[in-house]
Amino acid sequence: MGLTSKDINGGKKHQATKKKSHLKTHVEKTSDTPNTGLSNKAFSEAYGVAKFADRYQVNKLYDRGLTGTNQQIGIISGSDFNVSDVSKYLEQVGVTPNVSRIQKQYIGPKKDITNLMSSPTGRPMQFETTLDVDQAASVAPNAGVQVYIVPGMSNYVTNEAAMLNGFAYAIADNKVRQISTSYAYGNELIPDDQGESETITSYNNAYNVIFQQAAVEGITIFNASGDSGPYMEPSAKQNLSIPTSEYQVEVGGTTIPFQKNYDGWSTRSKRSRTGLGKTVRPDKGPDQAGNLQW
């Protein structure tokens, strides 16, 4: 189900006229580097799964023995990754580095997918995929992880078709109970790429159809919406990073202005990028720079 790179124009392979990736990633450059000399426990509490579990109260699930046993997590990705990198991360945060539970599935021309790893253009995508797998494999240390990899840049399939195919394959595969992605095509921002034949509405409708199939199968879809609410990029017009559908959960940041006091401490944000679900920790108060701690 979904658009394919075959049987178009009389059965010939469709060749994208622009060999340029429009897949959107959310990895921001930073000069900060983690202190890898810390113990596994301290490193996890400072940078990894222990910090996440504390902030989002995942520890309550761990206390009930819910660590992903007999579950499979699906990830839609626009790049390949090195399993050895994931193994190193798991070991660093104190999680048993059993990477045999991580499986790759290539959806599209495998050569295009693997070649992207050696390209400077594909490096940010590789970073993002690695981070996605790191998080899934560490937060759910006993779950299987199925990574459905689509070509982030290809001569044979356009980005919008690749992403749709990835979701369609993962849903039809019916191995996972949850599918997540931090990638997006951004079709509401770039609807006029050469090689596209669909409209924004028809493309969104195609997603809605396969997401309905996922709902019937008992699969929950999670998509990263970015950190600016309904705006993928600054614009007077709302522009979403991934098609909207009532059959998915979009996770991201807000653009809600707020000013509020917490136990005497005041915080103000003109256009907050506070992530949804983050909880203020008033017991800690602000740090030395006056930033509210989460």
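Predicted model: local features only at pLDDT ≥ 70, side-chain atom pairs only at ≥ 80, totals over all residues.
Residues are numbered from 1 along each chain as its sequence is written, and side-chain values use heavy atoms, with hydrogens and water left out.

**Stop 1: the salt bridges**

The structure holds 3 salt bridges, a salt bridge being a side-chain nitrogen of Lys or Arg within 4 Å of a carboxyl oxygen of Asp or Glu. Side chains of opposite charge can pair when their charged atoms come close.

Select Lys41 and Glu45 to begin. Their closest N and O atoms are 2.5 Å apart. Both residues sit in helix H1 (residues 40-47), 4 residues apart, which means that about one helical turn separates them. Helices (H or I, at least four residues) and strands (E, at least two) are DSSP runs, numbered from the N terminus. Colour by accessibility if you like: Lys41 counts as exposed at 57% relative accessibility, while Glu45 is partly exposed at 42%. Here buried means under 20% relative accessible area, exposed over 50%, and partly exposed in between (1.4 Å probe, protein chains only).

Next, select Arg55 with Asp54, a salt bridge whose closest N and O atoms lie 2.7 Å apart. Arg55 is partly exposed, with a relative accessible area of 24%, and Asp54 is partly exposed at 36% relative accessibility.

Now select Asp80 and Lys104, whose salt bridge brings the closest N and O atoms to 2.8 Å. This pair links distant parts of the chain, 24 residues apart: Asp80 is in the loop between strand S1 (72-77) and helix H4 (83-92), and Lys104 is in strand S2 (residues 102-106). Asp80 counts as buried, at 3% relative accessibility, whereas Lys104 is partly exposed at 28%.

**Stop 2: H4 against H6**

Show H4 with helix H6 (residues 123-139): they pack at an angle of about 45 degrees, with their axes 10 Å apart. Axes are lines fitted to C-alpha atoms, for helices over the stretch in contact, and angles run from 0 to 180 degrees between N-to-C directions. H4 is therefore oblique to H6; angles under 35 degrees count as roughly parallel, over 145 as roughly antiparallel, 65 to 115 as roughly perpendicular and the rest as oblique. For side chains, display Asp85, Val86, Tyr89 and Leu90 in H4, which meet H6 residues including Gln126, Thr130 and Val133. Contact means heavy atoms within 4.5 Å.

**Stop 3: H7 against H8**

Move on to helix H7 (residues 159-173) and helix H8 (residues 200-217), which pack at about 15 degrees with axes 9 Å apart. H7 and H8 are therefore roughly parallel to each other.

**Stop 4: Asn208**

Stay in helix H8 and select Asn208. Which residues does Asn208 touch, not counting residues up to four places away in sequence? They are Ser245, Glu246 and Tyr247. The C-alpha atoms of Asn208 and Ser245 are separated by 5.7 Å, although the two residues are 37 residues apart along the chain.
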